[in-house]
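Subject: Structure handover

Hi,

Here is the structure I promised to pass on. Please open it next to this email and follow along.

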Amino acid sequence: MKVYRSEKARKGIMDTYDKLLAMWDTEFIESGIPTLYGSTHVIQCGKPGNPPLVLFHGVGDDSALMWLYNAKELARHFMVYAIDTIGGPGKSVPNRNYDKGFDDARWIDEVLAGLKLEKVYLAGVSNGAYITQYYGLHRPERVLKMVCMAGTVPAGDYNPMKIMIKVFLPEALLPTKKNTYKLMQKMCGKNSGVFTENPVIMEHYRFLLKGFNNMSMSHHNLGNFNDGQIDAIRDKTLYLMGDADPFAIMGGKDALVKHKMKALFFPEVGHGLNHEIADAVNRIIVEYFTNQRGEECAWTLF
């Protein structure tokens, strides 16, 4: 299955990917980790010997865009490994084994093995939050703690795919400059300017809307967790969600409250919260993973 709709689309995405990566303002190394399902692209930054932090981006974006405002600060405290999801936009290259038999846990096992990592901290945004929880559930012995941003606990009748259709349409069908701007405003809170006022982000995101084949992510199977599975991840997972996030409004926040998950909610913040309030998100991730805040109840703010 093709990841990009054309070679021209791939080139546009790759060119702007590299422009964004250059804006991280921190030293980094790029590598391709061979796995059963193809080559997985990893961006590594930070000081060797620092705790390992593995990052997963959302379903229609990539590491260069997702961690633009986070990488520099997180690299001061962790050895950061930003992974381009295989089958998603970015520099990972799936092979013929990436099919209906794809297993997220096995894929991540092989990536971590290639990076020589045993136990890690995990963080993800949107679909990356789901991947984070999925791996934390299936490999609890390898995951120290997790932070899930702009994502909820997958439970009950909450259906992120239906919400995505409601949010992205009709603008994503005709991604003109005007519609790309409108979509960003729809997704974000009051600080949407961190996206719309950055011409490289807007150019890259428009290329993604026009050139990425969303069906190439279909082999990542989404499924809800039962009560026992939710209990298994509760104590080691922190959720960060904006009150203006369409996914929060359409059931995501209610699911977190219902299941009594550790969660922080932010007024007037949307789906791009790690961009919209990057300084706060960076600080919280560092504090949570390094135990710099007091009692566990301090992490719950409804």
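Six helices each supply at least two residues of the lining of the largest pocket: α2 (63-66), α5 (127-138), α6, α7, α9 and α12. The largest share comes from α6, with 5 residues. Keep in mind that this is a predicted model. The largest pocket has a volume of about 1,200 Å³. It is lined by 47 residues, and the closest to its centre are Val59, Gly60, Met164, Phe168 and Asn214.

**Salt bridges**

Side chains of opposite charge can pair when their charged atoms come close. How many salt bridges does a search of the whole structure find? The search finds 15. Here are some to look up.

Start with lysine 19 and glutamate 203. Their side chains meet in a salt bridge, at 4.0 Å from N to O. This pair links distant parts of the chain, 184 residues apart. Lysine 19 sits in helix α1 (residues 7-22), and glutamate 203 sits in helix α9 (residues 199-211). Lysine 19 is partly exposed, at 42% relative accessible area. Glutamate 203 is partly exposed too, at 34%.

Next, take glutamate 171 and lysine 186. They form a salt bridge, and the closest N and O atoms are 2.7 Å apart. Glutamate 171 lies in the loop between α6 (160-168) and α7 (177-187), while lysine 186 lies in helix α7, so the pair ties together parts that are 15 residues apart in sequence. Is glutamate 171 buried or exposed? Glutamate 171 is buried, with a relative accessible area of 7%. Lysine 186 is partly exposed, at 31%.

Now stay with glutamate 171 for a moment. Asparagine 179 is in contact with Glu171 and Leu174, leaving aside its neighbours within four places in sequence. Asparagine 179 is found in helix α7. It is buried, with a relative accessible area of 16%.

Then there is glutamate 268 with lysine 190. The closest N and O atoms of this salt bridge are 3.5 Å apart. Glutamate 268 lies in the loop between β9 (262-266) and α12 (273-276), and lysine 190 lies in the loop between α7 and α8 (193-196), so the pair ties together parts that are 78 residues apart in sequence. Glutamate 268 is partly exposed, at 48% relative accessible area. Lysine 190 is exposed, at 66%. Elsewhere, salt bridges that share partners join Asp18, Glu30 and Lys91 into one network.

**Cysteines**

How many disulfides are there? The count comes to 0. A disulfide needs the two sulfur atoms within 2.5 Å. What about cysteine 148? Its closest cysteine sulfur is in cysteine 188, again 20 Å from its own and too far for a bond. Cysteine 45 is buried, with a relative accessible area of 1%. Cysteine 148 is buried as well, at 0%.

**Nonpolar cores**

In soluble globular proteins, nonpolar side chains tend to be buried together. Here the largest nonpolar core has 61 residues. Which of them have the most contacts inside it? They are Trp24, Leu53, Trp67, Val147, Met149, Leu240 and Ile285. Click on tryptophan 24. Not counting residues up to four places away in sequence, tryptophan 24 touches Ile43, Cys45, Ser63, Ala64, Trp67, Leu68, Ala71, Lys72 and Ala82. A second, separate core has 42 residues, including Phe56, Ile108, Ile233 and Ala255.

**Valine 3**

Finally, look at the start of the chain. Where is valine 3? Valine 3 is in the segment before α1. It counts as buried, at 10% relative accessibility. Its contacts, not counting residues up to four places away in sequence, are Gly87, Gly88, Pro89, Pro94, Gly211, Phe212, Asn213 and Ser216. Valine 3 and glycine 270 are 267 residues apart along the chain, and their C-alpha atoms are separated by 27 Å.

Best wishes

Technical notes: Residues numbered from 1 in each chain as written. Predicted model: local features only at pLDDT ≥ 70, side-chain atom pairs only at ≥ 80, totals over all residues. Heavy atoms only, no water. Helix = DSSP H or I, 4+ residues; strand = E, 2+ residues; numbered from the N terminus. Buried < 20%, exposed > 50% of the residue type's maximum accessible area, 1.4 Å probe, protein only. Core = buried A, V, L, I, M, F, W, Y, C linked by side-chain atoms within 4.5 Å. Contact = heavy atoms within 4.5 Å. 1 Å grid on protein atoms, 1.4 Å probe; cavity = no way out; pocket = protein on both sides within 12 Å on 5 of 7 lines; lining within 4 Å. Points joined across faces, edges and corners; volume = space filled by probe spheres on them.
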